[in-house]
Amino acid sequence: MPNNLKQKTLEIAVIGSGFAGISAAAYLAKRGYHVDVYEKNAEIGGRARQLQTDNGYIFDMGPSWYWMPEVFEKFFNDFGYKAEDFYELQLLDPGFSVVFGAGDVLNIPANFEKLCQLFESIESGSTENLKKFLAEAEYKYKTGMEKLVYKPGLSIFEFADKDLIKGLFKLQVFTSFSSHVRKYFKDPRLIALMEFPVLFLGAMPEDTPALYSLMNYAGLKLGTWYPKGGFGKVIQAMKAVAEKQGVQFHTSAAVTALEVQGKHIVKLSSEKGAKAYDGVIAAADYHHIEEKLLSQPHRNYSEQYWQNRVLAPSCLIFYLGVNTKVDRLNHHTLFFDEDLKQHSHEIYKDAQWPSKPLFYVCCPSISDPTVAPKGHENLFILMPLAPDVKDPETVREQYFQLIMARLEAYTGTSIREHLDYKKSYCVSDFIADYNSYKGNAYGLANTLMQTANLKPSLKNKKVSNLFYAGQLTVPGPGVPPSIISGNVAAQQLIKYLNQ
């Protein structure tokens, strides 16, 4: 970097205002750079935007599971704050429920001893197996947090750590998640309980490394939490931290071009105009940045590369306002009353609309009266779906009726007769709102060949001052990994600017 640039405040652009973008912006501004965040939508938050209706409902449009609370806490601590300075966290108990049939429901307690009792009541001897399984998962989780997830994934030598190499076998990178779970549990309900995070965030269990049992540790031991007011409160809190560092947010400002001279981006153009920059963090959809904003010689990957990636699911979502209370639901309820394996196959192997779908219902109004009018319920219903499928309104409605029939039968409430708000969201909406590649909702599947250094690179190899953040690069899909991704990308850009 020329010395004359070091004499002025360097200008940095961040594209996208989801968790990764806000995180990157805050860390860069803390180091004294002037940071502009560009957001194509009218409000910030990316997939974690909120939808507020005229009749009093507040819907989280995307993330609804608050796992790995220490990642959120670390972000706020790094700027001299605590999460509780901005929002109240509630430990959910039960953390979530899994419905296998009308009279077959597992309520997953927050207390570990009660969880052990639940497992033992289902399968004799499973308490000890659960303890062993989660002890292994804890090792993977702690090793991952200490040695893996904050690495940029730019060189295999990043992992040349004596303790890491010594414990490589224990990380079980080359063992399938499916076979690992079945080594400990035989009852199909316990197997489904352990495999559900993989279905919703990754790939077929048999194609996912057993490394990802760390997610079971996060969910079953660290607890499932809820930020009062919804995930929008977390976004607003992170935005407040970023603004205190001097970050400026520009909404309704889709980026239209990146001008490259030699090996550097020198200018960014958006719907709000053009401005010169010394560095860029691309925290919007990776494929969109490469295909739409960069010319072919400046891209990391070809279109064929992207076509060959295994994507995590998209989803069909319904946001429902119900003008009566609904019985039998907990804050998080998973409906596994159909075959998990068949639904997984129809997402990952034979991409199609599922024949007998599993689905998930979030009812935050049970925990938080501020997200629905008094006496009403706020329902967020999500059905995992293969990306890149057509989603006309007629098909969405067909699945709405199918899901409602099962939900009404379970709850004993005629929900459809009590709707006073309804909105669907699916593949084409993810594309329209987030430029999401093939309409994916969760990034890349957590397969062996898409883990760590094998994910799309955090660094543009042809443009020196361009780095990527978010769910399509390291460390991967989910809210905590996105927050970490923004931090790691920011540190890499800082390192480059200080050369």
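This report walks through selected helices, strands and loops of a predicted model.

Another open sheet has 3 strands, arranged in the order β10-β11-β12 with antiparallel pairing. Its edge strands are β10 and β12, since each of these pairs on one side only, and the twist from one strand to the next averages 20°. Within this sheet, strand β11 (residues 264-270) and strand β12 (residues 273-276) run antiparallel and are joined by 4 bridges. The two strands form a hairpin, with 2 residues between them, and an example of their pairing is L268, whose bridge partner in β12 is K275.

## An enclosed strand

Strand β1 is largely enclosed by the rest of the structure, because 5 of its 5 residues are buried. In a regular strand, side chains alternate between the two faces of the sheet. In β1 both faces are covered, with E11, A13 and I15 buried on one side and I12 and V14 buried on the other.

The neighbour of β1 in this description is strand β2 (residues 34-38), which runs parallel to β1 and is joined to it by 5 bridges. Within this pair, A13 stands opposite D36 in β2.

## A mostly covered helix

Helix α12 (residues 286-293) is mostly covered, with 7 of its 8 residues buried. These buried residues are Y286, H287, H288, I289, E290, E291 and L293, a list in which both histidines and both glutamates can be found. What do the buried residues of α12 pack against? They pack against the strands β1 (11-15), β10 (255-261), β13 (279-282) and β19 (466-468), and also against the helix α13 (303-307).

The N-terminal end of α12 is capped by D285, which places a side-chain oxygen 3.2 Å from the backbone nitrogen of H287.

Helix α2 (residues 19-30) and helix α17 (residues 479-497) have axes that come within 7 Å and cross at roughly 35°, and the crossing is right-handed. On the side of α2, the residues that take part in the contact are F19, A20, S23, A24, Y27 and L28, while α17 contributes V479, S482, I483, G486, N487, A490, Q491, L493 and I494.

Two cis peptide bonds can be followed in the loops of the model. One of them joins D93 and P94, with omega at about 5°, and P94 has its place in the loop between β5 (89-91) and β6 (96-101). Another joins V474 and P475, with omega at about 0°, and P475 lies in the loop between β19 and α17.

S252, which is not a glycine, has a positive phi of about 50°, and its place is in the loop between β9 (248-250) and β10. With a relative accessible area of 33%, S252 is partly exposed. D388 is a residue other than glycine whose phi is positive, near 65°, and D388 is found in the loop between β17 (377-385) and α15 (393-411). D388 counts as exposed because its relative accessibility is 53%, a value that lies over the 50% limit for exposure.

Key:
Residues are numbered from 1 along each chain as its sequence is written. This is a predicted model: local features need pLDDT of at least 70, side-chain atom pairs count only at pLDDT 80 or more; totals for chains, interfaces and linings use all residues. Side-chain values use heavy atoms; hydrogens and water are left out. Axes are lines fitted to C-alpha atoms, for helices over the stretch in contact, and angles run from 0 to 180 degrees between N-to-C directions. A crossing is left-handed if the near helix is turned anticlockwise from the far one by less than a right angle, and right-handed if clockwise. Contact means heavy atoms within 4.5 Å. Two strands pair if DSSP finds at least two bridges between them. Buried means under 20% relative accessible area, exposed over 50%, partly exposed in between (1.4 Å probe, protein chains only). A polar contact is a pair of N or O atoms within 3.5 Å; within protein, one must be able to donate a hydrogen and the other to accept it, and residues adjacent in sequence count only if both atoms are side-chain atoms.
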